[in-house]
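Dear colleague,

Please find the structure below, handed over for your own work. My notes on what was found in it follow.

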Amino acid sequence: MKLKTILVEDEANSREILRNYLTKYCQNITLLGEAATIKEGLELIEKHQPDLVFLDVEMPFGNAFDLLDQVPERTFETVFVTAYNQYAMDALNNHAAYYLMKPINIDELIKAVDYVHDIKTGENALEGKVLQARLKKAEGKITLPQQDGFQVLEVADIYFCKADDNYTEIYLQEKKIVVSKTLKYFEDTLKEFPFARIHKSYLVNVNEIHKYKKGKGGSVILSNGKELSVSASRKAELLAYFK
């Protein structure tokens with residue numbers, strides 16, 4: 001697939017340089033438009049529904065984060081392009097796929113585009129399909145501490161685990177078990193089994209994932225019908241299970 005791409009950059013010279021680099025070195029994109037302001041950028045996003053948006057951070061009458069705030073349910077990946085490294089943390093908090101410093105390094109640009117291409121290819125391949133992870137069944141047992149001892153549980157019976165402060169809720173087919181351990185404890189305990197941390201609050205049995213729905217992070221639907229959010233920072237890791 002080719003990534004539907006737009007550029008949002010207020011400086012004409014910078015737009016030209018980025019356009020020329022993308023055209024020459026990145027054959028897996030289709031450049032659909034360019035914008036010099038936040039307003040123009042939002043109009044292009046609404047019109048083209050892009051896969052990838054290159055965003056300059058500093059623009060007239062606002063910045064890249066003001067633009068993103070106006071697209072809360074975005075389905076595109078973002079690559080920030082800026083001369084200012086102090087925005088790196090803000091970019092991370094806004095789930096940027098990549099952060100490029102000016103002057104643009106061609107190798108880094110290619111890496112950024114290839115990274116987004118892998119994500120979007122994985123999303124499109126999985127969207128709306130019944131999923132079959134390339135994993136063996138989660139065969140094994142786990143012990144859950146209880147006040148009066150411990151409970152033995154088949155790992156395969158776990159659909160997902162949910163964080164609740166210093167407790168973890170373990171969801172089975174017909175019941176929920178609350179354990180006085182953190183989600184990180186179960187992430188470490190179950191690391192030899194097919195469990196994926198898809199969100200700060202969720203650890204999921206990958207074999208129970210039935211469908212994936214696209215979004216900023218997207219969501220997964222389990223075999224029992226439960227839908228769970230996927231954080232943008234965990235999306236690539238999750239999609240790798242199904243390649």
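S10 and S11 run antiparallel and are joined by five bridges. Please keep in mind that the model is predicted. Within this pairing, Phe160 has Tyr171 of S11 as its bridge partner. The two strands make a hairpin with two residues between them. Asp165 sits in the loop that links strand S10 (160–164) to strand S11 (167–171). Is Asp165 buried or exposed? Its relative accessible area is 70%, so Asp165 counts as exposed, the cut-off being over 50%.

S10 also pairs with strand S14 (residues 202–205), in the antiparallel sense and over three bridges. Here the bridge partner of Cys161 is Leu203 in S14. Cys161 is buried, with a relative accessible area of 0%.

**Cysteines**

How many disulfides does a search of the whole structure find? The search gives zero.

**The nonpolar core**

The largest nonpolar core has 18 residues. Those with the most contacts inside this core are Val8, Val53, Leu55, Leu67 and Phe80. At least two core residues come from each of strand S1 (3–8), helix H2 (38–48), strand S3 (52–56) and helix H3 (64–69).

What does Leu67 touch, once its neighbours within four places in sequence are set aside? Leu67 is in contact with Val8, Ile38, Gly41, Leu42, Ile45 and Leu55.

The loop between H2 and S3 holds Gln49. Gln49 is another residue with a positive phi that is not a glycine, the value being about 45°. Its relative accessibility is 47%, so Gln49 counts as partly exposed, which is the class between 20% and 50%.

**The S15-S16-S17 sheet**

Three strands, in the order S15-S16-S17, form an open sheet with antiparallel pairing. Strand S15 (209–213) and strand S17 (227–229) are the edge strands, each pairing on one side only. From one strand to the next, the twist averages 25°. Strand S16 (residues 219–222) pairs with S17 over three bridges, in the antiparallel sense. Which residue of S17 is the bridge partner of Ile221? That partner is Glu227.

When you look at the faces of a sheet, recall that side chains in a regular strand alternate between the two faces.

The peptide bond from Lys102 to Pro103 is cis, with omega near -5°. Pro103 is placed in the loop between strand S7 (98–101) and H5.

Helix H5 (residues 106–126) contains Asp118. With 44% relative accessibility, Asp118 is partly exposed. Asp118 and Met1 are 117 residues apart along the chain, and their C-alpha atoms are separated by 9.8 Å.

**Where to look**

- the cis peptide bond from Lys102 to Pro103;
- Gln49, with its positive phi of about 45°;
- Leu67 and its contacts, including Val8 and Leu55.

Kind regards

Terms used. Residues are numbered from 1 along each chain as its sequence is written. This is a predicted model: local features need pLDDT of at least 70, side-chain atom pairs count only at pLDDT 80 or more; totals for chains, interfaces and linings use all residues. Side-chain values use heavy atoms; hydrogens and water are left out. A nonpolar core is a set of buried Ala, Val, Leu, Ile, Met, Phe, Trp, Tyr and Cys residues joined through side-chain atoms within 4.5 Å. Buried means under 20% relative accessible area, exposed over 50%, partly exposed in between (1.4 Å probe, protein chains only). Helices (H or I, at least four residues) and strands (E, at least two) are DSSP runs, numbered from the N terminus. Contact means heavy atoms within 4.5 Å. Two strands pair if DSSP finds at least two bridges between them. Axes are lines fitted to C-alpha atoms, for helices over the stretch in contact, and angles run from 0 to 180 degrees between N-to-C directions. A disulfide is a pair of cysteine sulfur atoms within 2.5 Å.
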